[in-house]
Amino acid sequence: MRPSRKEIEKVLREAEITYNLRENVLSEIYNAEARVVFKGRRRGITSTLRRIIINATKEEEKTNEN
Amino acid sequence: MRIKQIMLENFRPFCGKHKIDMTTKEGRSIILIKALNDVGKTSLFKAFQWCLYGAKSRKENQMHVNRSACVKSDGKTSVRLIFSHNGRNYEIVRSIDFHKAPRGVFPEISDEVLEVIEDGIPQELKTKTEQNEYVEAILPFDASQFFLFDGEDIQKYTQFRPGERVKEAIEMVLGIRELLNARDDLENIKQELEHELDSLLVIKSRHEQEAKEVEKLGKEIESLRRAIKDLDNKIEQARENVASCDEILRRDRAIQQKVEQRKVAEKNRDSVLEQIKANEDEQRDFNGDLAFLLVAPLLKELSKTGMAQVPTWKRAALSALLLSESDRCICERPLDSNIKRLFERLLNKGRGAGYLQYLGGQAEELLMQKPPEYLEQRLYNLAADRRNLESSLKLYEQTIEELDKEIGRHKDISADIKAAEETRRRAAEDLERYKAEKERKIVELSFLIAEHKKRQAKLTAQASTDKDVLNKNKHLQSCELCLAGIKYAIEKLVKNNKLKVAKLASKIFLQLTNAPALYEGIEITDEYEIKIRTKGGTVRHVWDQAPSAGQSQIIAVSFIAALNAYTAREAPVIVDTPIGRLDPIHKKNLIRFYPQIGPQVVILYQPSEMSDNDIDLIRRYISSEWELRRDPQDPDATLIIPIKRP
């Protein structure tokens, strides 16, 4: 009985709020991981996650500037 | 994952090709496989594991080769698993080639080959890592221990504190694989970022060091430029010195030339003076000739008339000349004693006709040799020569006087010239030395400028290092927060699921145990340690409880069954030795429970574990039954025979 996507999303959102993270950044990470699990090949996942983290940092900076 | 078929070829006791159809019908999850000990139950169990995950060693692969097959000829050992998973159809074949080998000797084998066909399309999995990743995505190896297990072996979950891998495996089957992967990946990224940040800090420090070096280089360049400027001044000074020396030398050489000219003029003057003296001598000779010429007519007349006819006064004149004791003749020629004696002899001779005739002859000869025209001409010539010589003399003396005025007190200037030449040589040497030094310094300067420029450009290119460090720090912080968020989510989801698992495990345990009155249920700690809660309210670790082997098996089955119920992995449960040493009550409870453990349950049992009566308890859940039987023709071969029930 796999935790439902809704349950996972809820927990991830809770984590984003707890750690003051940009909205959906953990969901993006989860989705990226889900994609590679589905494909069965983990090649490139590290760079994808890095890109998500970097984009999140940039967007946070922009938000702070505004 | 739902297995449809397993095909074995020369795998362990299965000589030749064999297949078992494992499709299950709706509501009939059980597939029973019966076999006596040492016939092939465990081998079949291992075939599933080998097909998915391969062997740990070459020796293990050699042991997988059927002994009868390799004695006969070269061949192939393979296991083919056909199954469906997440709506896709898969076919995984793992094989090894073997060479013929005598009985009792392990055969030579090739490396394992894995072929994967997904929905009819062969997958290109070149490396071992790619192959492992592919299979892991379907059913992770660590998670497989909860799906493919030995009934007796699972007691380990109750007898030992679970290790990190078991904990990970439990978390994996609880359906948070993506989050666990994210956690591991973020841990790796965090390490990478920390490493990169360290590198950037090192670069920054090096950059600062380089900036200092570039500044130092700039100072060196400035210093070199000043040195070159100094050299320019020195070169200018040296040039002036050389020019000054050249001027002095030019002047001194001019004076020296005049000194030489004066010497020549002096020499010429002396020569003229000598010529004048010679001219005077010649003049005197001429005067003598002239005087003789003047008296020649007289002597000629005397020689004709004889001395007797010469008046006495005339003889007296000759005598008076001789007697005058003057040292000069009327021709101004000096009269020495010899000449006087000659005159006396001539006078004495003139007394007679013979002397006069002699003198007359001499006069005649003289007139013949030096006629008056000649003497006249000579007179003019001598006078002209004298004038010319005096003129030359005057010219030379004038020249000498003029040169004296120009030369002044510098009579000999060669020492000055030598000194000036030496000074000039030294100045020229200095000039050359300074020029060479300047050239060297210019080369050095151009090298330093190029180096400075290069380093400056490098510094400019690295100018973003500070910004990079700042960014990297931000990325690291962001990564750490994401990691904390993911860990938070894992904990939360696992905690939720763990409670559910514990609740279900308790329910199953109470359903399976032979003493439900003694227990309240099972608890699972954060570290996945299994605890037993008794009716009295005591909670103990299972290993503190020291349960019997049978009780341990029941607890473990309860845990695994609960875990399977909440797993994210839909996988078949394949149980080897399902009953083990359970007492009849446990056995009955467990057999009744097996159909509920998963959608596809393969039970590999030996006849003493499950009788026909036991099987009857789950008869309506059985999709197919198979029996592994030793080949009567070959003791090393096992046959797979379907059991047909009426």
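**View 1. Helix 14 of chain B and helix 16 of chain B pack with their axes 8 Å apart, at an angle of about 140 degrees.** The structure shown is a predicted model. Helix 14 of chain B and helix 16 of chain B are oblique to each other, and their crossing is right-handed. Helix 14 of chain B contributes Val501(B), Leu504(B), Ala505(B), Ile508(B), Phe509(B) and Leu512(B) to the contact. On the side of helix 16 of chain B, the residues that meet them are Gln551(B), Ile554(B), Ile555(B), Val557(B), Ser558(B), Phe559(B), Ala561(B), Ala562(B), Leu563(B) and Ala565(B). By class, this contact of helix 14 with helix 16 of chain B comprises 14 nonpolar and two polar residues, with no charged residue.

**View 2. Helix 16 (residues 549–565) of chain B and helix 17 (residues 584–593) of chain B have axes that come within 11 Å and cross at roughly 15 degrees.** Since angles under 35 degrees count as roughly parallel, helix 16 of chain B and helix 17 of chain B are roughly parallel to each other. Helix 16 of chain B passes helix 17 of chain B in a left-handed crossing. The residues in contact are Gln551(B), Gln553(B), Ile554(B), Val557(B) and Ala561(B) from helix 16 of chain B, together with His586(B), Leu590(B) and Phe593(B) from helix 17 of chain B. Five of the residues in the contact of helix 16 with helix 17 of chain B are nonpolar and three are polar, while none is charged.

**View 3. Helix 1 (residues 5–18) of chain A crosses helix 14 (residues 465–512) of chain B at roughly 140 degrees, the axes coming within 8 Å.** Helix 1 of chain A is thus oblique to helix 14 of chain B. The crossing of these two helices, helix 1 of chain A and helix 14 of chain B, is right-handed. From helix 1 of chain A, the contact includes Glu7(A), Ile8(A), Val11(A), Leu12(A), Glu14(A), Ala15(A) and Thr18(A). From helix 14 of chain B, the residues are Gly485(B), Ile486(B), Tyr488(B), Ala489(B), Lys492(B), Leu493(B), Asn496(B) and Lys500(B). The contact of helix 1 of chain A with helix 14 of chain B has eight nonpolar, three polar and four charged residues.

**View 4. Chain B and chain A bury about 3400 Å² between them.** Carbon and sulfur atoms account for 61% of this buried area. The contact involves 44 residues of chain B and 32 residues of chain A. Three salt bridges are found across the interface of chain B and chain A. In a salt bridge between the chains, the side chain of Glu192(B) meets that of Arg50(A), with an N to O distance of 3.1 Å.

**View 5. Arg67(B) and Asp636(B) form a salt bridge within chain B.** The closest N and O atoms of the pair are 3.9 Å apart. Arg67(B) lies in helix 3 (residues 67–72) of chain B, whereas Asp636(B) lies in the loop between strand 14 (622–630) and strand 15 (638–642) of chain B. Over all chains, the structure holds 48 salt bridges.

Definitions and conventions. Residues numbered from 1 in each chain as written. Chains lettered and ligands numbered in written order. Predicted model: local features only at pLDDT ≥ 70, side-chain atom pairs only at ≥ 80, totals over all residues. Heavy atoms only, no water. Axes fitted to C-alpha atoms, helices over the stretch in contact; angles between N-to-C directions. Helix = DSSP H or I, 4+ residues; strand = E, 2+ residues; numbered from the N terminus. Parallel < 35°, antiparallel > 145°, perpendicular 65-115°, else oblique. Left-handed = near helix turned anticlockwise from the far one by under 90°. Contact = heavy atoms within 4.5 Å. Nonpolar A, V, L, I, M, F, W, Y, C, P; charged D, E, K, R; others polar. Buried area = accessible area lost by both parts, 1.4 Å probe. Salt bridge = Lys/Arg side-chain N within 4 Å of Asp/Glu carboxyl O.
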